[in-house]
Amino acid sequence: MAKKLLVSFVTGLAFLPAASFAEMPRYDVDAHCKVIAAVGGTYSEAMFDACFDMEQTAYNYLKPKWGKAPNNLQAHCDQIARVGGGGSYSMLEGCFQMEQEASSTNKTFKY
């Protein structure tokens, strides 16, 4: 049942109009970075600042590229970026870059 729902959802994404994903997803960076800064039991202002800077850099990198990316790539990477909570632009950027690189290379496997 869950597999059928997933297939239906993914198949349905292919028929959405291009404008549906034109805007960058909105993530709560403040909340995300507070969680990161508190890992280990002690809050670190330095970790919060570093996290916030990483998120801003990732957002700035993706913003001009996002609307030009295929809808299925946007939807897939948005789902990856939201794993575990509200979302991360750093995760979104990593997924985006890896998927684009993978689609542009032809790998030959030898077993």
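Reply: Leu73 is a buried residue, because its relative accessibility is 12% and buried means under 20%. The model is a predicted one. Leu73 lies in helix H4.

Apart from neighbours within four places in sequence, Leu73 is in contact with Phe96, Glu99 and Gln100. Between Leu73 and Gln100 there are 8.6 Å in space, from C-alpha to C-alpha, and the two are 27 residues apart in sequence.

These partners belong to helix H5: Phe96, Glu99 and Gln100 are among the H5 residues that H4 meets. On the H4 side, Leu73 is joined in this contact by His76, Cys77, Asp78, Ile80 and Ala81. On the H5 side, the list also includes Met91, Leu92 and Cys95. Sorted by class, the contact of H4 with H5 consists of eight nonpolar, two polar and two charged residues.

Next comes the geometry of this pair. Two packed helices are described by the angle between their axes and by the distance between those axes. H4 covers residues 71–81 and H5 covers residues 89–104. Their axes come within 8 Å and cross at roughly 140 degrees. H4 and H5 are therefore oblique to each other, since an angle over 145 degrees would be needed to count as roughly antiparallel. The crossing of H4 and H5 is right-handed.

Another pair of helices can be described in the same terms. Helix H2, residues 29–37, packs against helix H3, residues 45–66, at an angle of about 140 degrees, and their axes are 8 Å apart. That makes H2 oblique to H3. H2 passes H3 in a right-handed crossing. In this contact, Val29, Asp30, His32, Cys33, Lys34, Ile36 and Ala37 from H2 meet Met47, Phe48, Cys51, Phe52 and Glu55 from H3. By class, the contact of H2 with H3 has eight nonpolar residues, one polar residue and three charged residues.

The protein has five helices and zero strands, and its pattern along the sequence is α-α-α-α-α. Of its 111 residues, 27% are buried, and Leu73 counts as buried. Among contacts with a separation of 6 or more, 65% are between residues 24 or more positions apart. The protein exposes about 7900 Å², with carbon and sulfur atoms supplying 62% of that area.

How values were computed. Residues are numbered from 1 along each chain as its sequence is written. This is a predicted model: local features need pLDDT of at least 70, side-chain atom pairs count only at pLDDT 80 or more; totals for chains, interfaces and linings use all residues. Side-chain values use heavy atoms; hydrogens and water are left out. Axes are lines fitted to C-alpha atoms, for helices over the stretch in contact, and angles run from 0 to 180 degrees between N-to-C directions. Helices (H or I, at least four residues) and strands (E, at least two) are DSSP runs, numbered from the N terminus. Angles under 35 degrees count as roughly parallel, over 145 as roughly antiparallel, 65 to 115 as roughly perpendicular and the rest as oblique. A crossing is left-handed if the near helix is turned anticlockwise from the far one by less than a right angle, and right-handed if clockwise. Contact means heavy atoms within 4.5 Å. Ala, Val, Leu, Ile, Met, Phe, Trp, Tyr, Cys and Pro count as nonpolar, Asp, Glu, Lys and Arg as charged, and the others, Gly among them, as polar. Buried means under 20% relative accessible area, exposed over 50%, partly exposed in between (1.4 Å probe, protein chains only). Accessible areas come from the Shrake-Rupley method with a 1.4 Å probe; for residues, only the protein chains shown count as cover.
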